[in-house]
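Subject: Structure for your files

Hello,

Here is the structure for you to look over. My notes come after it.

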Amino acid sequence: MTEDEIIDEGAEHKTWKGKLWGVIKVILIIVVTGGLLYWVFSKVPFAKIKFRLAHANRAWLTAAILCYVGSMLFSSWRLLSFFKSIGLKLDWRFNLRLYFLGLCYNVLLPGGIGGDGYKIYLLHKTYKLPTKKVFWAILFDRLSGFWAIGAIVVGLIILIPSFPYHLAIPLSIVSVGSVIYYFIARKFFRDYTHNFFSGHLKAIGVQSMQLLAIVCLLLAQDFNGKFAPYLLSFLFSSLAAVIPFSLGGGGIRDALFLTLARQFNLTEDMAVYLSFGFYLISIIVALIGIYYVIRPKRLERGLQKPSEFSLENQQ
């Protein structure tokens with residue numbers, strides 16, 4: 001999605017073509033999500049997943065939710081780093097509220113304005129910043145997440161003795177790719193790299209907290225096997241979940257997790273329980289943002305006035 005498409009989504013008025021595409025996109029998202037979930041539960045009966053969720057240890061389930069909330073706090077903090085790179089020094093509390101509102105929009109408005117689209121629209125409207133500038137800051141925030149997943153995947157591969165390739169191969173790919181990624185960013189997108197390293201360290205924090213959530217979900221089942229194959233499958237499925245034609249990654253993550261479970265000889269119903277359980281947790285946490293939909297004035301607390309923002313940037 002381009003920055004022009006995103007800002008168009010935030011516009012108050014749409015052409016009939018835009019409205020039609022919005023409706024079509026919602027239908028496609030529902031069909032894709034429903035279709036993939038139907039396929040997954042045709043392979044692994046939903047009754048098995050329901051049983052695992054109903055009999056899971058409540059303390060570990062609570063810990064999984066808290067770990068996921070922690071990952072969202074890290075994610076909001078990471079995004080703040082990239083906003084600071086372009087001189088947008090938002091109050092951290094406002095940024096956190098805006099982040100949770102964005103998560104909520106991603107769940108409630110599939111194919112509509114979207115979380116990122118709303119952030120770009122509001123910040124562009126408030127501070128008159130170029131749409132492109134905010135768009136690229138958010139894009140680099142997402143790219144840091146991809147990089148973090150790649151880095152952690154290499155670390156987990158060490159714990160999988162049956163991995164068919166020498167460890168030097170994935171390690172070299174990630175190392176060389178990281179160097180190329182950094183130098184391209186520095187040369188062509190210098191304005192977005194002022195907090196490059198801190199932003200990417202926070203991205204490691206985001207993915208680590210989400211892996212801890214998966215560990216907690218496993219422990220909620222009195223699991224005593226090897227964690228690494230499940231964690232590796234989760235990370236790969238997280239990459240697929242970024243595809244925009246699903247409701248919060250639902251269906252896509254489950255389908256890929258199930259496919260990888262067969263490759264790694266994992267328990268299939270455990271794999272689907274993890275992916276679907278994580279999906280339910282993400283929805284529950286995202287619904288925190290409803291509060292700011294109902295009470296928008298609470299969202300705006302801590303939002304600097306444009307004059308204050310301009311004054312700060314001149315200093």
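Predicted model: local features only at pLDDT ≥ 70, side-chain atom pairs only at ≥ 80, totals over all residues.

Residues are numbered from 1 along each chain as its sequence is written, and side-chain values use heavy atoms, with hydrogens and water left out.

Helices are DSSP runs (H or I, at least four residues), numbered from the N terminus.

Helix α5 covers residues 92-108. Its 17 residues reach 24 Å from first C-alpha to last, close to the expected 24 Å (1.5 Å times one less than the number of residues). Twelve of the 17 are buried, so α5 is largely enclosed by the rest of the structure; buried means under 20% relative accessible area and exposed over 50%, with a 1.4 Å probe and protein chains only. Among the buried residues are N95, R97, Y99 and C104. The buried residues of α5 pack against α4 (58-85), α6 (115-127), α12, α13 (290-294) and α14 (296-299), where contact means heavy atoms within 4.5 Å.

Helix α12 (residues 268-286) also packs with α3 (residues 46-54), at an angle of about 65° and with the axes 9 Å apart. The axes are lines fitted to C-alpha atoms over the stretch in contact, and angles run from 0 to 180 degrees between N-to-C directions. The two helices are therefore roughly perpendicular (65 to 115 degrees). Their crossing is right-handed, that is, the near helix is turned clockwise from the far one by less than a right angle. On the α3 side the contact is made by F46, K48, I49, R52 and L53; on the α12 side by D269, M270, V272, Y273, F276, G277 and L280.

C216 lies in helix α9 (residues 196-219) and counts as buried at 7% relative accessibility. Leaving aside residues up to four places away in sequence, C216 touches W60, A63, A64 and C67. Between C216 and A63 there are 6.4 Å, C-alpha to C-alpha, against a separation of 153 residues in sequence.

Two loop residues have positive phi. Most residues other than glycine have a negative phi. D222, in the loop between α9 and α10 (228-240), has phi near 55° and is exposed at 68% relative accessibility. N265, in the loop between α11 (252-263) and α12, has phi near 55° and is exposed, with a relative accessible area of 71%.

Regards

Notes: Parallel < 35°, antiparallel > 145°, perpendicular 65-115°, else oblique.
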